[in-house]
Amino acid sequence: MALPQEKRYTFADILSREDGQRYELYDGQLVALSAPSNLHQEIVAELTRQLGNYLLGKPCRVYPGAFDVQLFAQEGDAPQDIRTVLQPDVSVVCDPEKRKGHGCKGAPDLVIEILSPSTQRIDRRVKYELYQKAGVPEYWIVDPEQQMVQVHTLEDGWYGSPVAYLATAEVPVGVLEDCRIDLKIVFQ
């Protein structure tokens, strides 16, 4: 739900809030996030577990939401300079320089969003375009209702047609060599 906008917000505004609410920031527009369902959290937990097990001893890290992705932030940007901050359901970040400080500064290597009735339009349109523009190499949209995952891979700056995987599939993670996610467990 978008809050009334009398000003353009920045990441500094989010960091200074003490209301315990989670927020995303779309080019200065502050949006409050609602609490996810139990099913949503179970899917996040299982995806994080499988990715985390694969990443043990490797340089990349997996982060479940709430994790602030300062999508277009550059080295040296202060929080008051940052006007787009998203909280993907799951992020994988390989560059240790992007992981310094609070959240991720720049585009993660993999972003996963789990659809819900209240976020479906944002995940499929708004975030899709922002992740593409920021250069996120791989973007997954998980549909719990259809028990399906759509994988969008960045090629020449654009996401082409997604590859869809059903609940019985193992999904290869393109940005992580030999990593596969077992959807039978994710959707059990």
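Trainee: What joins the side chains of Gln 87 and Asp 68?

Mentor: A polar contact of 2.9 Å. A polar contact is a pair of N or O atoms within 3.5 Å; within protein, one must be able to donate a hydrogen and the other to accept it, and residues adjacent in sequence count only if both atoms are side-chain atoms. The side chain of Gln 87 makes a polar contact with the side chain of Arg 22 too, at 2.8 Å. Before going on, note that this is a predicted model, in which local features need pLDDT of at least 70, side-chain atom pairs count only at pLDDT 80 or more, and totals for chains, interfaces and linings use all residues. Residues are numbered from 1 along each chain as its sequence is written, and side-chain values use heavy atoms, with hydrogens and water left out.

Trainee: Where is the place of Gln 87?

Mentor: Start with the elements. Helices (H or I, at least four residues) and strands (E, at least two) are DSSP runs, numbered from the N terminus. Gln 87 is in the loop between strand S4 (69–70) and strand S5 (90–93).

Trainee: Which residues does Gln 87 touch?

Mentor: Contact means heavy atoms within 4.5 Å. Leaving out residues up to four places away in sequence, Gln 87 touches several, among them Tyr 23, Leu 33, Phe 67, Glu 113 and Lys 127.

Trainee: Where is the kink in H3 centred?

Mentor: The bend at a residue is the angle between axes fitted to the seven residues ending there and the seven starting there. In H3 the kink is about 35° and is centred on Lys 127. Lys 127 is also one of the buried residues of H3, a list including Ile 122, Tyr 128, Leu 130 and Tyr 131.

Trainee: Which strands do the buried residues of H3 pack against?

Mentor: Strand S1 (23–26), strand S7 (110–114), strand S8 (138–143), strand S9 (148–155) and strand S10 (158–159).

Trainee: How do I read a strand?

Mentor: In a regular strand the side chains alternate between the two faces of the sheet. In S5, Val 90 and Val 92 point one way, Ser 91 and Val 93 the other way, and all are buried.

Trainee: What about its partners?

Mentor: Two strands pair if DSSP finds at least two bridges between them. S3 and S5 pair in the antiparallel sense over 4 bridges. S5 and S7 also run antiparallel, joined by 3 bridges. Follow Val 90: Pro 64 stands opposite Val 90, and in S7 its bridge partner is Ile 112.

Trainee: How many disulfides does the structure hold?

Mentor: A disulfide is a pair of cysteine sulfur atoms within 2.5 Å. The structure holds 1. The disulfide joins Cys 60 to Cys 94, S to S 1.9 Å. The pair links distant parts of the chain, 34 residues apart. The torsion about the S-S bond is about 100°, so the disulfide is right-handed.

Trainee: How should I read phi and omega?

Mentor: Most residues other than glycine have a negative phi, and most peptide bonds are trans. Look for exceptions here. Asp 156 has a positive phi, near 55°. Asp 156 lies in the loop between S9 and S10 and is exposed, with a relative accessible area of 79%. Asp 178 has a positive phi near 65°, and at 70% relative accessibility it counts as exposed.

Trainee: Which residues does a cis peptide bond join?

Mentor: Gly 65 and Ala 66, with omega about 10°. Ala 66 is in the loop between S3 and S4. Ala 66 is also one of the residues that Gln 87 touches.

How values were computed. Buried < 20%, exposed > 50% of the residue type's maximum accessible area, 1.4 Å probe, protein only.
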